[in-house]
Amino acid sequence: MTAGGVSYLSGVEIGVPDLDVGAAFYEKVWALTPVARTADAVYFRASGPEHYVLALHRRLRAGFVRLRLGADDRRAVDAVFERVAAAGGTALASPGALTSPGGGYGFAFKDPEGREIVIAAEVQRHADAAAVNDRPYKLSHVVFNSLKFDDAAAFFRDALGFRLRDRTRKANFMGCNADHHCIAFTDRKNTEISHAAYELPNLDAELRGLGRLKREGLKVEWGIGRHGTGDNVFAYYIDPYGFVVEYTTEMQQVDDATYVMGTPDTISRPNHSDVWGFADPPTERFLKAVEGPPA
């Protein structure tokens with residue numbers, strides 16, 4: 001990690017109009033585990049140590065609520081706080097004790113495109129973390145649409161300490177640890193969330209998880225395949241509220257001391273967008289959904 005910056009992706013929070021429907025999907029189908037519930041929110045963990053990787057909030061319409069990022073300690077949180085305004089963000093509070101499940105020390109801010117983000121340290125971790133052979137272990141990455149995807153990447157670099165790992169003609173891939181990317185920005189001319197990806201422990205677990213989703217009646221919208229950028233295995237689905245969700249595994253591991261950033265001139269992409277050549281093209285439903293949930 002970069003000193004005084006983000007060290008991992010913690011969780012994502014979304015709004016849904018019916019908590020019961022959303023909670024049933026993410027627990028019974030997507031295989032996350034509820035850890036806390038209030039009148040207006042449900043919080044879910046994966047099988048790893050992170051206190052929660054997903055929160056559903058009661059809202060009138062489906063939409064992104066906030067992103068959660070983790071730091072190693074309070075000094076890193078404070079360092080980010082000092083940089084947010086200079087980089088074009090807006091702090092919503094000073095660093096202090098957090099009241100969300102798992103507690104911790106941190107603060108919320110908005111990036112220049114208006115996304116709410118929380119950076120936190122000292123959040124309670126689960127002691128019973130374990131890789132499970134068909135269930136997500138952690139939140140792998142979140143991809144956002146952007147009006148100015150180069151500017152969005154620059155903010156995450158300057159304020160949060162992310163590294164730009166690869167830039168294609170339509171996307172910037174950002175990492176904060178050895179994972180090739182945990183955030184990406186795509187040039188889609190809006191600021192909605194594109195998709196959230198949940199990481200399974202290995203390829204065998206991925207396939208077992210996909211088999212379970214198939215038996216649950218969930219239709220794959222694109223996959224199974226392997227991306228070029230990031231080298232991760234992918235399979236995309238759509239949740240009951242139009243959010244694109246992904247099961248993924250085998251994300252490329254990066255050493256920043258030796259890694260050479262890819263550019264549109266150096267990155268080659270197969271015309272079928274899957275280096276295995278196995279996946280059918282993405283469905284029209286998927287292509288519409290990655291533009292963001294309908295208003």
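The report below describes the pocket and the cavity of this structure.

This is a predicted model, in which local features need pLDDT of at least 70 and side-chain atom pairs count only at pLDDT 80 or more, while totals for chains, interfaces and linings use all residues. Residues are numbered from 1 along each chain as its sequence is written, and side-chain values use heavy atoms, with hydrogens and water left out.

On a 1 Å grid over the protein atoms alone, a cavity is a set of points where a 1.4 Å probe fits but cannot get out, whereas a pocket is an open set with protein on both sides within 12 Å along at least five of seven lines; lining residues have an atom within 4 Å of a point. A volume is the space filled by probe spheres set on the points, which are joined across faces, edges and corners.

| Space | Volume | Lining |
|---|---|---|
| Largest pocket | about 800 Å³ | 35 residues |
| Largest cavity | about 80 Å³ | 16 residues |

Nearest the centre of the largest pocket lie Ala171, Phe173, Trp222, His227 and Arg269. Strand β13 (183-187) gives the largest share of this lining, three residues; strands are DSSP runs of E, at least two residues, numbered from the N terminus.

The search of the whole structure finds one cavity of 30 Å³ or more, and closest to the centre of the largest cavity are Ile14, Ile193, Ala196, Phe243 and Val244. Strand β14 gives the most to the lining of this cavity, with five residues.

Terms used: Helix = DSSP H or I, 4+ residues; strand = E, 2+ residues; numbered from the N terminus.
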